[in-house]
Amino acid sequence: MRILLFISQNYSFEILRPIQEYALKNNDQVMWMLYGNNVDQSYFLANESFTDSIQEVQNFKPDAVFVPGNVVPSFIQGLKVQVFHGFEWKKKGHFKIRGCFDLYCTQGPFFTEKFAKLSEKHQFFDVVETGWTKLDKLFNAEPMPVNNLGLPIVLYAPTFSPSLSSAVELKDEIVALSKQNKFHWIVKFHPKMDKKIIEQYMQLQHEHLVVLETSNLSGLLQTSNVIVSDTSSVITEFMLLNKPAITYNNASPESALINITEPEQLNDALNTAFNPTAERMALITAYREQYHPSHDAKATQRVYEAVKSRVINGKLAPKALPFNLIRQIKMRKKFNYWKL
């Protein structure tokens, strides 16, 4: 197969590289397509082929296009495959059908059931539960070495969305708790986080409060004992490792989460997280089974096999993708590509 990896954000490298690795082992050809201005080209490896030219992509003639984002130009040939950029279905638009994809590779039953119903309604895309490619690395990752001076590690990983983020409201409480020297706090910001907020936290760093920039998120999740967040996909990733999560004003708090609504509740929530009851651990297990039940690190293999089957045999859905004239014009204008 000729495989195109369609990338618009730096975090997509962790999602798409497992596909590249598996494809190359199967003697496939792989090319990366850059969309937008948010991808740091220095992240590409020496052996990776990438372009921002639609004409180069058309000359490549991909059989399949893998997309973690929400849209992909319909005029690029090949099966369009949605592999998702996270678990955060509570954010607007997660289940919106934009008419861009032939195949949705879902993470677990919760997502599969919803997209299967949408597939029955629209009849132009298939749905296969595969697991999420990024998590193959998570389940196999070694814990990241951290100089935590023997203290339990709390990872604070807020979302960047201003309407959902806890970064401003929890800042003073986190700083105060970090100075009690009971925990070692690591702050990991989303790449889209407001730079002013990041700077505020960096100025408040001390021995047990560290802002960490790392591409090894899987290793960081493995090494942390508890996560504090709000409404972010990383919450689910962390809980798949069978660890408790504290959320602040989560958009739709499930029972497995330790959700708080006031900053001063954070200390008690930490005590609950570090001393989980059997009932809480059972809730976390049930949560894992709904969102990502496979822990065998073979999601990439399942995605690849589902795609190859459809490249060879065609998709099962009876209809072709709908023609969206407005999106066509916008995409063609963005890429300055007008060939038919």
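How many disulfides does the count come to? I looked this up first. The count comes to zero disulfides, a disulfide being a pair of cysteine sulfur atoms within 2.5 Å.

**Basis.** I am working from a predicted model, in which local features need pLDDT of at least 70, side-chain atom pairs count only at pLDDT 80 or more, and totals for chains, interfaces and linings use all residues. Residues are numbered from 1 along each chain as its sequence is written, and side-chain values use heavy atoms, with hydrogens and water left out.

**Cysteines.** I checked Cys100 and found that the closest cysteine sulfur, in Cys105, is 16 Å from its own, which is too far for a bond. Cys105 is likewise in no disulfide, the nearest cysteine sulfur being that of Cys100. I then looked up accessibility, where buried means under 20% relative accessible area, exposed over 50% and partly exposed in between, with a 1.4 Å probe and protein chains only. Cys100 is buried at 5%, and Cys105 is buried at 2%.

**Cavity.** Rolling a probe the size of a water molecule over the atoms shows where empty space is left. On a 1 Å grid over the protein atoms alone, a cavity is a set of points where a 1.4 Å probe fits but cannot get out; a pocket is an open set with protein on both sides within 12 Å along at least five of seven lines; lining residues have an atom within 4 Å of a point. Grid points are joined across faces, edges and corners, and a volume is the space filled by probe spheres set on the points.

The count comes to one cavity of 30 Å³ or more. I noted a volume of about 60 Å³ for the largest cavity. Its lining includes Phe87, Glu88, Trp89, Lys90, Tyr287 and Tyr291. Helices α8 (233–239) and α10 (278–291) each supply at least two residues of this lining; helices (H or I, at least four residues) and strands (E, at least two) are DSSP runs, numbered from the N terminus. By class, I have six nonpolar, three polar and three charged residues in the lining of the largest cavity. Here Ala, Val, Leu, Ile, Met, Phe, Trp, Tyr, Cys and Pro count as nonpolar, Asp, Glu, Lys and Arg as charged, and the others, Gly among them, as polar.

**Pocket.** I also looked up the second largest pocket, which has a volume of about 200 Å³. Among the residues lining this pocket are Leu34, Tyr35, Asp52, Lys334 and Phe335. The classes in the pocket lining are four nonpolar, three polar and two charged.

**Charges over rings.** For this I needed NZ of Lys or CZ of Arg within 6 Å of the ring centre and within 35 degrees of the ring normal. Arg332 lies over the face of Phe75, at 4.4 Å from the ring centre. Lys114 lies over the face of Phe95, at 5.7 Å from the ring centre.

**Backbone.** Most residues other than glycine have a negative phi. I found a positive phi, near 60°, for Asn181, which is in the loop between α5 (171–178) and β9 (184–187). Asn181 is partly exposed, at 44% relative accessibility. Ala297 also has a positive phi near 60°, and I located Ala297 in the loop between α10 and α11 (299–313).

**Leu138.** I placed Leu138 in helix α4 (residues 134–140). Leu138 counts as buried, at 1% relative accessibility.
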